[in-house]
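Subject: Structure handover

Hello,

Here is the structure you asked for, with the sequence. My notes on it follow below.

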Amino acid sequence: MAYNYDNSWMDEYEDLMFGANHTEYTMSQAAEIKLKHMPPLLYKYRACSENSFNALEGDFLYSSQPCAFNDIFEGAIEIISNKAKQNINQKVYSHMKLSYPFLVDRPVYTLRDILENIALSFGCSYQEIKGKHLLFPQIETLEETAHQQQSDMIAKAQHQARNMYNILCFSAINDSETMWAYYADSHKGFCVGYDIKSMNNNLTHLTFPVVYRDHCTLSVDDVDAIDGSLCMHLLTEKSGAWRHEQEWRMLFPSKPPSNREMMPAAKAVFLGARIQADHEQRIKDICKRKHINLYKMAPQIAEYTLIPIPISVF
């Protein structure tokens, strides 16, 4: 049941889908490439709980906001280019001038430029005025305002980028020891296989491969220009530290903090090697009623691998 994962097509897909010159036509080409390489089944690792049993029975899953995920770099603001930072600082200074019209009307590029302009408004250089807050009591407040507004604007852009979509996470593989440990309660849970590819419907079109990079490759020139395409790109690019997950993601319009998404009936369920007997029976009963193929993962000690052993196959 293991999927032979090949990512040699990813660069072409990413350029067609998100490249600087992407169009509707190139995006349709990317969709064809994506569909060709989508795994036969996508897998969702689950811990045993009443919610997960109900989701299996009712053919649904809950999508979540990316800001709640365990990757600290998920949608991180480091995507912002130097030009975008300049735009942020210009916006900060323009906003400050609304409250403090005595500030000089000059372009700014860095936070230091803002501080220099504040000092210039008092007839001094920044170096001359620094440390003389008693003589110029307003400057300390203005510096704090500049720093705070810059932080607020970056945080707002970060929040917008991280939360434009709700996400459902899947894996191309069902035999990852690490993922069984992390996401399926140390092998006491189960893994559900969904056939998203052959449906070729809206769910298929909303499903994207995660591209793994050893450094962030994304940038924007203006935080006001953060749009759906950019957010889709940054939410499907992750640090190479996560390559072992071989992740695919479904993206849905954001409905915080989570939203119930209807899924096709599961094609297969894989029980963890350490699943409790009562949980195993509960899943067996669901699979029997719904005619879902059922397997149990068996550790192969000599090879450090997990293989699925059929229990009931329809």
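Salt bridges

R243 pairs with D214 in a salt bridge, with 3.1 Å between the closest N and O atoms. (A salt bridge here is a side-chain nitrogen of Lys or Arg within 4 Å of a carboxyl oxygen of Asp or Glu.) R243 sits in the loop between β7 (237-239) and β8 (247-253), and D214 in the loop between β6 and α10 (228-234), so the pair ties together parts 29 residues apart in sequence. Helices (H or I, at least four residues) and strands (E, at least two) are DSSP runs, numbered from the N terminus. With a relative accessible area of 66%, D214 is exposed, and R243, at 36%, is partly exposed. The cut-offs are under 20% relative accessible area for buried and over 50% for exposed, with partly exposed in between (1.4 Å probe, protein chains only).

This is a predicted model: local features need pLDDT of at least 70 and side-chain atom pairs count only at pLDDT 80 or more, while totals for chains, interfaces and linings use all residues. Residues are numbered from 1 along each chain as its sequence is written, and side-chain values use heavy atoms, with hydrogens and water left out.

The salt-bridge count comes to 12. One of them joins the side chains of D11 and R213 (3.1 Å, N to O). This pair links distant parts of the chain, with D11 in helix α1 (residues 10-18) and R213 in strand β6 (residues 211-213), 202 residues apart. R213 counts as partly exposed, at 21% relative accessibility.

The side chains of E280 and K296 also meet in a salt bridge (3.0 Å, N to O). Here E280 is in helix α11 and K296 in strand β11, 16 residues apart. E280 counts as buried at 12% relative accessibility, whereas K296 is partly exposed at 23%.

Helix α11 and the cores

The buried residues of α11 are H279, E280, I283, I286 and C287. They cover an arc of only 130° around the axis (taken from the directions from the helix axis to the C-beta atoms), which puts them on the same side of α11. A277, K288 and R289 are exposed on the other side. Just after α11, H291 has a positive phi of about 55°.

I283 is also among the residues with the most contacts inside the largest nonpolar core, which has 69 residues. (A nonpolar core is a set of buried Ala, Val, Leu, Ile, Met, Phe, Trp, Tyr and Cys residues joined through side-chain atoms within 4.5 Å.) Apart from it lies another core, of 12 residues, including W180 and M297.

Regards
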